[in-house]
Amino acid sequence: MNPQTYLAIDGYVDAIPAPGLGWGTATFDLIHSPADADTIAPDTPDTVYACTTADPVLADVLLREIQPGDLLRVTGILVQPDDPEAPARFTVDALEVLEAAPAPVLYDLVLERWGTYVAVFDADRDQVPVFTVSGRWVGEAASPDAISDLIDAYEEGDPR
């Protein structure tokens with residue numbers, strides 16, 4: 001029989017949580033770093049916990065709101081497997097977000113809206129694709145300066 005311990009662990013979410021095997025369940029990996037880096041060897045590895053929850057409310061939060069890099073405090077039952085190479089299994093019954101990961105920023109791609117039109121600026125291209133907000137293709141402007149002319153031609157029914 002594997003020893004079980006009830007405890008709380010702080011750690012970072014490694015990847016997007018995934019649905020579990022049954023309804024209302026979710027799984028995710030939690031990376032826990034040693035608490036006092038000054039008192040341990042510099043090459044001491046982080047601990048990876050294979051976490052699951054069977055609480056449908058927690059599963060919903062995990063699947064819809066938690067992102068990689070979020071710092072969580074999870075509380076539940078820890079079971080260390082017989083194989084020392086296998087990650088410890090942690091059954092989560094409580095969850096607290098201590099710090100959300102910063103929102104990803106797209107630096108190379110920018111959408112800009114002009115009324116009912118949207119232009120897609122790509123740092124790697126001079127041409128600018130233009131669509132209506134409903135997704136209809138308008139055309140591709142040769143440069144940002146030509147967007148107004150393209151929209152005017154589209155509104156006049158002149159396919160360029």
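## A tour of the charged side chains

Start by selecting Arg64 and Asp60, whose side chains meet in a salt bridge at 2.8 Å, N to O. Here a salt bridge is a side-chain nitrogen of Lys or Arg within 4 Å of a carboxyl oxygen of Asp or Glu. What you have open is a predicted model, where local features need pLDDT of at least 70, side-chain atom pairs count only at pLDDT 80 or more, and totals for chains, interfaces and linings use all residues. Residues are numbered from 1 along each chain as its sequence is written, and side-chain values use heavy atoms, with hydrogens and water left out.

Helices (H or I, at least four residues) and strands (E, at least two) are DSSP runs, numbered from the N terminus. Arg64 is exposed at 60% relative accessible area, while Asp60 is partly exposed at 35%. For these words, buried means under 20% relative accessible area, exposed over 50%, and partly exposed in between (1.4 Å probe, protein chains only).

Next, select Arg73 and Glu96, a salt bridge with an N to O distance of 3.9 Å. Arg73 sits in strand S5 (residues 71-79) and Glu96 in strand S6 (residues 88-99), so this pair ties together parts that are 23 residues apart in sequence. Arg73 is partly exposed at 32%, and Glu96 is partly exposed at 41%.

Move on to Arg125 and Glu140, where the side chains form a salt bridge of 2.6 Å, N to O. Which parts of the chain does the pair link? Arg125 is in the loop between strand S8 (117-122) and strand S9 (128-132), and Glu140 is in strand S10 (residues 137-141), 15 residues apart. The structure holds four salt bridges.

For the last stop, select Asp149, Asp152, Glu155 and Glu156, which gather in a patch of negative charge on the surface. Patches are made of residues with over 30% relative accessible area and no salt bridge, with like charges joined within 9 Å and nonpolar side chains (Val, Leu, Ile, Met, Phe, Trp, Tyr) within 5 Å. Is Glu155 buried or exposed? Glu155 counts as exposed, at 54% relative accessibility, and its place is in helix H2 (residues 147-155).

Conventions. Accessible areas come from the Shrake-Rupley method with a 1.4 Å probe; for residues, only the protein chains shown count as cover. Lys and Arg count as positive and Asp and Glu as negative; His and the chain ends are not counted. The place of a charge is taken as NZ of Lys, CZ of Arg, CG of Asp or CD of Glu.
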